[in-house]
Amino acid sequence: VAFPSASRVVTLTTDFGSGSGYVAEMKGRILHAATPCTLVDIAHDVAAHDIRAAAWLVARACFAFPPGTLHVVVVDPGVGTVRRLVWARLDSSEHARPQSAGQEFLCPDNGVLSLALAAHPLMAARDLIVAPDTTATFHGRDILAPAAARLLDGAAPETLGPAADRLVQLGWPKPRETAVGIEGEVIHVDTFGNIVTNLPAALLPRLVAAGRLHVGGHVVATIVRTYGDAAPGTTVALVGSQGFIEAAVVQGRAAEQLATGLGTPAVIPTNPRR
Amino acid sequence: VAFPSASRVVTLTTDFGSGSGYVAEMKGRILHAATPCTLVDIAHDVAAHDIRAAAWLVARACFAFPPGTLHVVVVDPGVGTVRRLVWARLDSSEHARPQSAGQEFLCPDNGVLSLALAAHPLMAARDLIVAPDTTATFHGRDILAPAAARLLDGAAPETLGPAADRLVQLGWPKPRETAVGIEGEVIHVDTFGNIVTNLPAALLPRLVAAGRLHVGGHVVATIVRTYGDAAPGTTVALVGSQGFIEAAVVQGRAAEQLATGLGTPAVIPTNPRR
Amino acid sequence: VAFPSASRVVTLTTDFGSGSGYVAEMKGRILHAATPCTLVDIAHDVAAHDIRAAAWLVARACFAFPPGTLHVVVVDPGVGTVRRLVWARLDSSEHARPQSAGQEFLCPDNGVLSLALAAHPLMAARDLIVAPDTTATFHGRDILAPAAARLLDGAAPETLGPAADRLVQLGWPKPRETAVGIEGEVIHVDTFGNIVTNLPAALLPRLVAAGRLHVGGHVVATIVRTYGDAAPGTTVALVGSQGFIEAAVVQGRAAEQLATGLGTPAVIPTNPRR
C-alpha cells in the first residue's frame, strides 16, 4: 500500500457534539502516533445514536478522500456490550487513483458502513481484539483511537484481530416500480433543507418525461439542472451532488415548506401530466 | 513567491453547516494534493446564501493568516449559473511580513470578497475555466477544491484561466456626517451578542467628546477601553478588535438587550450631552 | 524537552462560538510560526464567560494529548483588565510516556486550570509580559496566539515573562460524608444529557453496596458497567469515562428526564435499601 506523499488523513464522524470535548480526547489519543497525520472532521452533530444518519454522512463523504484515508466512526449506542469493533477496507478504485488502496474504517460493527458497502465492495475486515480491562463507556477513545495510532505507525491491520467475513448491513428503502410510477421515499434532509430521495440520478430521463415529482402531497413541476436555474422561492426537482434526485426550494428550505421528513413518499408518476 | 517553512494554509468558509458533511467532501478533494497543507475552518454556519455575512467573516479573519494562505469561500446562491468562479490575490503587505505574497482566494465572484477588497488592493485575479461536464450543484467540491489542490501542488494561477480585471463589489453602508452627528448603522452582531457598527476606530475621539453613542432608541453613555472596565451588566461603547466602534453589555448580550440587528442606526451625536 | 516525531500539537478552547471567525483569527496568528504544528479544537461553544465549564473541558481533554502539547484556553471575562496571562506546565507523567514533558498551557490566570491542577502538579509557570500598546479586547489573538507561535519556534518559556509561583484556583464542591451517606452534587451535564457527579470512581463499591444513587428527588436503582447493559429508557448509574459516578438514561437524556442541573445533590445513601 503506497500512500500519497502528503501525510495520511484520518477523519472522525461521531454523535458526541462538537462542543463535548470527547472528540478532542479521541484526537489526543490518535496524535500519540509518531507518524504525522491530517485530522478532518466529517460531522459530530449526528443525532445521538442515529446509525442511519451516520451511515449516510460517511458514505457521502468518505470517497472524496485520498486513497488510504482512515475513517473513524463512533455512533455507538451499544458501547460496552458484545457488538464487535472492526477495521475494514473498502475498494474505491472507480473513484480514486489507479493505485488506490481503498478507504479504511474503524468503527463499531452496527451498520454504520451499510451505505458505503452498498457502493463499494469490502476488501478486508478485522475484528478488533478488546482487552478485558478496557473502560466500558468510551471505546472510541480507549480502543478505536489507539488502533488508529497503531495503524498510522505502520501496524498491519492483521495485528488488530482475526479476520471478519462480513459486516452488519442495515436495510435501506429501495425504489419500486408500481402502477403509479417509480415509488421512492425521502432518505435524507440536508443542512439547507433540501430533500434527498432514494431515486438515483439514472432516473432523470424518466423524471423529465413525467414532467414532475410527487413529494408527499406536493407536486414539484419545475425540473432544473441546478438551484440557480429558477427564481428564488421556486420549488424544483434536480439531481443533487450525491447522485440522487432531490427536491429543493431555491434559496429556501424545502423540508419545511413541503412539510416532509424521512420516509415521505417521493414518486415519479408513470403518466405524463395532463 | 516564497512561503514560510511550515506547510501552506488553506482556510474554508461556507454556509454548508458544520454538520452537513459537505465541508468534509471539499477537504477530501483538497487533500488529494501531494503537497501537505494545513486546513483551517473560518466558519461554516454562515446564514444560508448570506454573501454579506461571509464577506464580513472573511475580511475579519483572512489577514490574520500567514502570507500565501489560500482562502476557499463557498457561499454561492448562484451555483450552476453563469456567475464566474475566480482565483484572486490581495496585497496584505501592511499586515504581514515584508516578503508577503498577499492572501489568495478561490470563490464565486459574487461579492464575497467585497470587504477584504475595501481594505487591501487586488493584485491579480483569474476566471476559472469550468469544464462543461462538471456537476451543476456543488462547484465547491468539484471545481474550487480541485483548483486548490492544483495550486498546492505548484500550479501557477495563470493556468486556472484567463485574467480577470475586476471583481464584483457589493455596496456597504458608510457613515454620513449630518446635522445630528455622524450617522452609521449596525453591520454585524457577533457570537457574544456584541453590536458592531460601521463607525471606524478613528472616530473614537469624537465619541469620547460626545460622551455617548445612540443605538436605535438607546443611549450608551459608558465609553470604555475594554469589556472588563465596567461592571457586569453595564452597557458600554468601545472600539472592538476589528477596528470598529461597537456596543456591548459586559458579560451580557447587547443585541438582545438593546433589541438591535443589522441596519439599526448608530449615531455619534454632535452636541455633547446636556 | 523532547517531543514526539510528529509535529507539536496546539489545542484551542474558547467561548467564542465556532462560527464567530475569532477562533480562525487566533489560528492564523499561531500559524505564523515557521515550525509546523497540528491544531485541534477542544471546544468553542463553552457558555460565554463560564470559567468553570471551560475548566472541566480542559481537565477532561488535555491529558489525552501527547506530552508537550500546548493548550491555549481563552474564556476570559476579564480581558483587558489587570488579570494576568500565564504560561504553565503541568506534570502528567502518570498519564503519559515516561519521557513526558507534561502538558503546557497559555491562558488567563482566572481559574480555568483549576481542575487540571487538582489532578496534576504545577511544574512551572510564567507571567506573560504584555506590551502596553496591545489592543484591549482580544488578548487571545494579540497576546496568546503570538506567544504560542514563539514557543512553537523554540522560544524558551522563560523568555515570555517572570516566574509565577501559583495560579488562581477556584473552589470546587467536594463530596462530604454525613449521616445520610456520601453527599455530592452534579458538576457537569454532557452533550448526551448524562449527569456527571463529583463522586469519584473509587466510591463504586459503596454505590453497589447501597444499591442506589439519589439524584435530586430521584432514586436511580440500576447500577451498570456501561450504557448498553440496560434497556433503552432505563435510568442507570455508572462510572463514566472521566472517572466520576454519573447518572444516565440509556439512549435518552437524563438531565431532562430527572430535571437536574449543576448543583443538584447526588447522594450515595448509607443504609442499604429496605
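How many residues of chain C are in contact with how many residues of chain B? The legends below answer this and describe related views. The model is predicted, so local features need pLDDT of at least 70 and side-chain atom pairs count only at pLDDT 80 or more, while totals for chains, interfaces and linings use all residues. Residues are numbered from 1 along each chain as its sequence is written, chains are lettered from A and ligands numbered from 1 in the order in which they are written, and side-chain values use heavy atoms, with hydrogens and water left out.

**View 1. The interface of chain C and chain B.** In this interface, 31 residues of chain C are in contact with 31 residues of chain B, contact meaning heavy atoms within 4.5 Å. About 2,500 Å² is buried between the two chains, and carbon and sulfur atoms give 57% of it. Buried area is the accessible area (1.4 Å probe) that two parts lose on being put together, summed over both. In chain C, the residues that lose the most area to chain B are Tyr22(C), His32(C) and Thr137(C), together 23% of what that side buries.

**View 2. The salt bridge between chain C and chain B.** Across this interface there is 1 salt bridge, defined as a side-chain nitrogen of Lys or Arg within 4 Å of a carboxyl oxygen of Asp or Glu. Its partners are Glu25(C) and Arg60(B), with the closest N and O atoms 2.3 Å apart. Helix α1 (residues 22-30) of chain C supplies the largest share of the side that touches chain B, 6 residues. Helices (H or I, at least four residues) and strands (E, at least two) are DSSP runs, numbered from the N terminus.

View 3. Over all chains the count is 18 aromatic pairs. One of them, formed by Phe192(B) and Tyr22(C), is stacked, at 6.5 Å centre to centre and 20° between the planes. This pair crosses between chains: Phe192(B) is in the loop between β8 (181-189) and β9 (195-200) of chain B, and Tyr22(C) is in helix α1 of chain C. Rings of Phe, Tyr and Trp (its six-membered ring) pair if their centres lie within 6.5 Å; planes under 30 degrees apart count as stacked, over 60 as edge-to-face and the rest as tilted.

**View 4. The interface of chain B and chain A.** Here the contact takes 31 residues from chain B and 30 residues from chain A. The two chains bury about 2,500 Å² between them, 58% of it on carbon and sulfur atoms. On the side of chain B, Tyr22(B), His32(B) and Thr137(B) lose the most area to chain A. Glu25(B) forms a salt bridge with Arg60(A), and the closest N and O atoms are 2.3 Å apart.

**View 5. A salt bridge within chain A.** The structure holds 39 salt bridges over all chains. Among them is that of Glu104(A) and Arg8(A), at 3.1 Å from N to O. Glu104(A) lies in strand β5 (residues 103-108) and Arg8(A) in strand β1 (residues 8-14) of chain A, so the pair ties together parts that are 96 residues apart in sequence.

**View 6. The rotation axis.** Chain C is superposed on chain B by a rotation of 120° with 0.1 Å of shift along the axis (RMSD 0.1 Å). The two copies are thus related as by a three-fold rotation axis. Superposition is by least squares on the C-alpha atoms of residues with pLDDT of at least 70 in both copies. Of the residues of chain C, Thr38(C) comes closest to the axis, at 4.6 Å (C-alpha).
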